[in-house]
Amino acid sequence: MSSTSKEPGFQHALLTFAAIVSVIGVGLFHLQTSLHSLMLICLIVGAGSALILGYSYKDIHQAMNNGIKTALSAIYIFILIGVVIAAFIESGTLATLVYYGISFIDPVFFLPAGLILCSLMSLATGTSWGTVGTAGVVLMSIGACMGLPLPLIAGMVISGACFGDKMSPVSDTTNLSAMSSKTSLYAHIKSMSYTTGPVYLICLAIFTWLGMGYSSNTMPTQHLNTLMVTLENHFSLSLITLLPLLVMLVLSVRQVAAEVAMVAATATAVLLALLLQGTDISTVLNSLFNGGSVQTGVEQLDSLLSRGGINSMMGTLSLSLMALALGGILDRFGFLRVLITGVVRRVKRRASLVATTIISVFFGNLAMGEAYMSIILGGQLFGDSYDARQIDRSVMSRSLEEGATLTTALIPWTTGGAFFAATLGVPVLDYAPWALLNWINPLVSIVFAYMGIALFRSKVVKDNAQASQIER
């Protein structure tokens with residue numbers, strides 16, 4: 001590190017952040033430029049700002065590397081989800097799920113049933129990514145066959161997957177938020193239930209109401225039969241083809257590492273493709289990279305069965321790597337820390353601190369492209385402020401999750417937003433209005449804070465109050 005290096009001032013940090021947001025905003029919405037190119041420009045802006053402070057290229061390079069290192073596990077999962085989808089296509093797992101889904105699910109109940117399914121699966125496994133990459137892909141296919149809008153289906157899937165991930169005791173972000181806030185895991189989950197529980201019921205009611213609007217969307221019998229017969233002709237369909245999905249679910253519930261569960265599910269699917277579907281080994285292995293390539297002659301099914309593979313995730317992966325590298329610069333050299341600290345000093349009301357926490361970590365996601373860094377940084381910056389205002393730290397941990405975990409799905413260049421868009425085949429800005437839980441939950445939490453609802457006092461304050469009553 002150079003001896004002339006220093007931490008940025010508030011105005012310097014604000015100008016740097018404003019420049020980055022402006023580049024993305026103008027380029028994405030006005031010029032309609034590639035997000036990859038915009039993130040490259042943002043990297044140059046961030047690096048240039050660090051050079052002005054006196055840091056060397058070596059310092060900047062190391063900060064970029066550290067930013068990427070924080071999300072290495074997510075990057076591995078990124079690649080493996082593409083592999084899992086391709087393997088599930090070749091094994092007939094996806095075809096079987098679509099076949100039975102079309103047979104038994106009614107369009108009226110599709111949205112609420114899908115929301116509950118994704119919620120339970122994500123709650124059990126602790127991963128929204130795994131849920132979106134498996135159940136989400138299937139639900140997108142079934143819903144498309146029923147004539148439901150793809151952005152609406154994607155929003156429902158993401159709402160359910162993020163609810164389960166947020167509330168699951170085996171979720172990495174749930175544990176990270178509790179740890180960063182120095183509160184217990186179950187105090188954190190209990191605190192979240194006060195705001196997320198009512199919002200979930202609201203989302204369930206809205207999706208049920210929306211589903212009723214598609215009561216007439218039942219497909220013509222002839223088209224339905226064509227799809228089912230075509231699937232029967234191209235795949236050997238039976239319950240055994242669901243074995244790869246079962247393997248992944250069982251291992252996930254047993255808290256086996258996500259990467260291990262995905263590899264085991266892929267290996268099971270590959271064996272089924274070879275032994276049950278009669279696919280040759282070279283076709284199967286090539287599909288793991290290039291994705292499925294089943295040609296049925298029915299456009300709807302061909303679109304469904306020609307996806308996945310490592311190659312399909314490369315564009316998304318490169319975008320995430322650049323966003324993480326930028327996040328490493330903004331974190332290492334204090335740009336976001338100085339900005340948030342300057343804002344916190346101006347906060348007086350207890351409810352305003354909750355709102356500031358949620359908004360700050362949301363902007364952390366905008367800048368750093370990943371919820372992990374936003375949660376850790378938020379825990380470091382806001383802890384003393386919550387103690388000073390006698391607010392229990394479980395309120396802070398809840399606010400970190402609602403501002404960071406939920407909003408990553410709403411930002412195109414975060415690892416979560418990029419992954420969901422690539423996996424479901426729907427741009428973030430298209431599905432974002434329908435990802436109801438992800439944007440309603442933070443808003444409700446802020447409203448509740450100003451109403452004094454679930455704004456718990458710290459345990460020390462409670463103990464002192466009880467001691468005073470005993471003395472009297």
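Which backbone oxygen lies 2.6 Å from a polar atom of the side chain of T407? The backbone oxygen of G403 does. Welcome to a short tour of a predicted model, in which local features need pLDDT of at least 70, side-chain atom pairs count only at pLDDT 80 or more, and totals for chains, interfaces and linings use all residues. Residues are numbered from 1 along each chain as its sequence is written, and side-chain values use heavy atoms, with hydrogens and water left out.

**Around T407**

- T407 sits in the loop between helix 20 (393-405) and helix 21 (415-424); helices here are DSSP runs of H or I with at least four residues, numbered from the N terminus.
- T407 counts as buried because its relative accessibility is 6% (buried is under 20% relative accessible area, exposed over 50%, partly exposed in between, with a 1.4 Å probe and protein chains only).
- Leaving aside neighbours within four places in sequence, T407 is in contact with F362, N365, E402, N438 and P442, where contact means heavy atoms within 4.5 Å.

**Salt bridges**

- A search of the whole structure turns up two salt bridges, each defined as a side-chain nitrogen of Lys or Arg within 4 Å of a carboxyl oxygen of Asp or Glu.
- One joins the side chains of K166 and E402, at 3.6 Å from N to O.
- K166 belongs to helix 8 (residues 150-167) and E402 to helix 20, so this pair ties together parts that are 236 residues apart in sequence.
- Both K166 and E402 are buried, and E402 is also among the contacts of T407.
- D387 and R393 form a salt bridge too, with 2.7 Å from N to O.
- D387 is partly exposed, at a relative accessible area of 39%, whereas R393 counts as buried at 16% relative accessibility.

**Around S184**

- S184 is found in the loop between helix 9 (172-181) and helix 10 (185-212).
- With a relative accessible area of 42%, S184 is partly exposed.
- The side chain of S184 reaches the backbone nitrogen of A187 at 3.1 Å.
- S184 and S394 are 210 residues apart along the chain, yet their C-alpha atoms are separated by 7.9 Å.

**Second largest pocket**

- Rolling a probe the size of a water molecule over the atoms shows where empty space is left.
- On a 1 Å grid over the protein atoms alone, a pocket is an open set of points with protein on both sides within 12 Å along at least five of seven lines, a cavity is a set where a 1.4 Å probe fits but cannot get out, and lining residues have an atom within 4 Å of a point.
- The second largest pocket has a volume of about 330 Å³, a volume being the space filled by probe spheres set on the points, which are joined across faces, edges and corners.
- Its lining has 21 residues, and L97, L117, A135, V138 and L245 lie nearest the centre of the pocket.
- Two or more lining residues come from each of helix 4 (72-91), helix 5 (93-104), helix 6 (107-125), helix 7 (128-145) and helix 12 (243-253).
- Helix 7 gives the largest share of this lining, seven residues.
- The lining of the second largest pocket divides into 17 nonpolar, four polar and no charged residues (Ala, Val, Leu, Ile, Met, Phe, Trp, Tyr, Cys and Pro are nonpolar, Asp, Glu, Lys and Arg charged, and the others, Gly among them, polar).

**Second largest cavity**

- A13, T16, F17, L330, F335, L336, L339 and A367 line the second largest cavity, with helix 1 (10-30) and helix 17 (335-344) each giving two or more residues.

Technical notes:
A polar contact is a pair of N or O atoms within 3.5 Å; within protein, one must be able to donate a hydrogen and the other to accept it, and residues adjacent in sequence count only if both atoms are side-chain atoms.
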